[in-house]
Amino acid sequence: MHIEAFQEQLIQGHAGSRVRSAEYASRFGRWDTLASVRRRPRRDFAGGEGGLYFPPELYPVVLHPLVTARGADVVEGLLLRRLYDYLHFTTELENLAVIPVAVKISQGRSGLVLPEPMRADAYKIVTDEAWHAQFSYDFACQISAETGVAGPHSAQAAPPAFLARLDELRERLPHEIRGVESLLFAVVSETLISSILSDIPRDERLYRPVREVVRDHAEDEGRHHVYFRSVLRHLWPALTPRERQAVGPLVPVAIHAFLEPDYLRTAHHLRGAGLSTDEIGQVVAESWPPQSVRQSIARAAAQLTHYLTEAGALEDARTLASFEESGLLLTERRSTTGAAGS
Ligand SMILES: [Fe+2]
Ligand SMILES: [Fe+2]
């Protein structure tokens, strides 16, 4: 079993027979002085001044009249649970989607022949992500101790929605191609620019330690973003046409898996706040109109969509159609038009 785990590649087949490139510019040269695991302290939740747990605009159910009518304590409780969900999502994303892929790259077992410095940098990413998982867990435990509200990491906790969504996606791939998706999921999740990472560090309404925890994470993710863009540049040309045609149309599904709100978790929280099933349905539907969800996902994925276009992924007709149907090209088109006009 252990030998098998050692030998197993992410992408099946003989790595040496795939297209390869030596191109790579490392952004980890100053990792020892820049990585949050090296230079940032453990963030303390207790003892700081007050604030919000999460930006209400990023969890719009708390702005709905059926929720605000229940009072400020209910709103605060929901924002706390949203923060918990984010911390839990982060822990599971690192542990289950990013670290295993970075470990395989560090072992030289991605199934691609990557430049040697990419392997060395993958070790640093494993360390960064383990630290992110650790401090997210630790921070939730501290808040739970301070507030008395049970944290999100109990063994009975429901899995974050993205896990089931990714499983469904994997099921849609032919057996001999399975494995490619894990590398692709890592590329997708590491190159999306979520409003959480970009907005929270600057949002002065929030508890300061919340902003600091997210800022520590966001700074490392800037380097990871560049790294996984390089992974994509190596990955796409190395795939066979059949592999590209199989996974390309599923990329939008993966993007949505990571960015679409966790409706079931939210329904659970709203039920806990005393809302009826009908009220929950109304609050969820009116807070997240499908069109605005699609637009915010397209914005967060705009750079990734651009990288995929650059890599030639959208030259495949089914992949292009899938991006169009998911509304992911709206931003790309708009920015292209904008650039042409300036
Ligand atoms: Fe991370
Ligand atoms: Fe990362």
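1. Helices H6 (residues 116-147) and H10 (residues 208-238) pack with their axes 11 Å apart at an angle of about 150° in this predicted model. Helices here are DSSP runs of H or I of at least four residues, numbered from the N terminus; axes are lines fitted to C-alpha atoms over the stretch in contact, with angles from 0 to 180 degrees between N-to-C directions. H6 is therefore roughly antiparallel to H10 (a word used for angles over 145 degrees).

2. On H6, the contact is made by Met118, Asp121, Ile125, Asp128, His132, Phe135 and Phe139; H10 brings Val213, His217, Asp220, His224, Tyr227 and Ser230. Contact requires C-beta atoms, placed from the backbone, within 7 Å.

3. A friendly word on confidence: pLDDT, the predictor's confidence in each residue from 0 to 100, averages 93 over the protein chain, and 96% of the residues score at least 70. Residues 335-342 have a pLDDT below 50, and beyond near neighbours in sequence this stretch has one contact in the model. Where pLDDT is low, the predicted coordinates should not be read in detail.

4. Now to Leu320, in helix H17 (residues 317-325). Leu320 is partly exposed because 16 other C-beta atoms lie within 10 Å (20 or more would be buried, 12 or fewer exposed). Thr309 is 11 residues from Leu320 in sequence, and their C-alpha atoms are 9.4 Å apart.

5. Conventions: residues are numbered from 1 along each chain as its sequence is written, while chains are lettered from A and ligands numbered from 1 in the order in which they are written. Local features need pLDDT of at least 70 and side-chain atom pairs count only at pLDDT 80 or more, whereas totals for chains, interfaces and linings use all residues.

Notes: Helices (H or I, at least four residues) and strands (E, at least two) are DSSP runs, numbered from the N terminus. Angles under 35 degrees count as roughly parallel, over 145 as roughly antiparallel, 65 to 115 as roughly perpendicular and the rest as oblique. Two residues are in contact if their C-beta atoms, placed from the backbone, lie within 7 Å.
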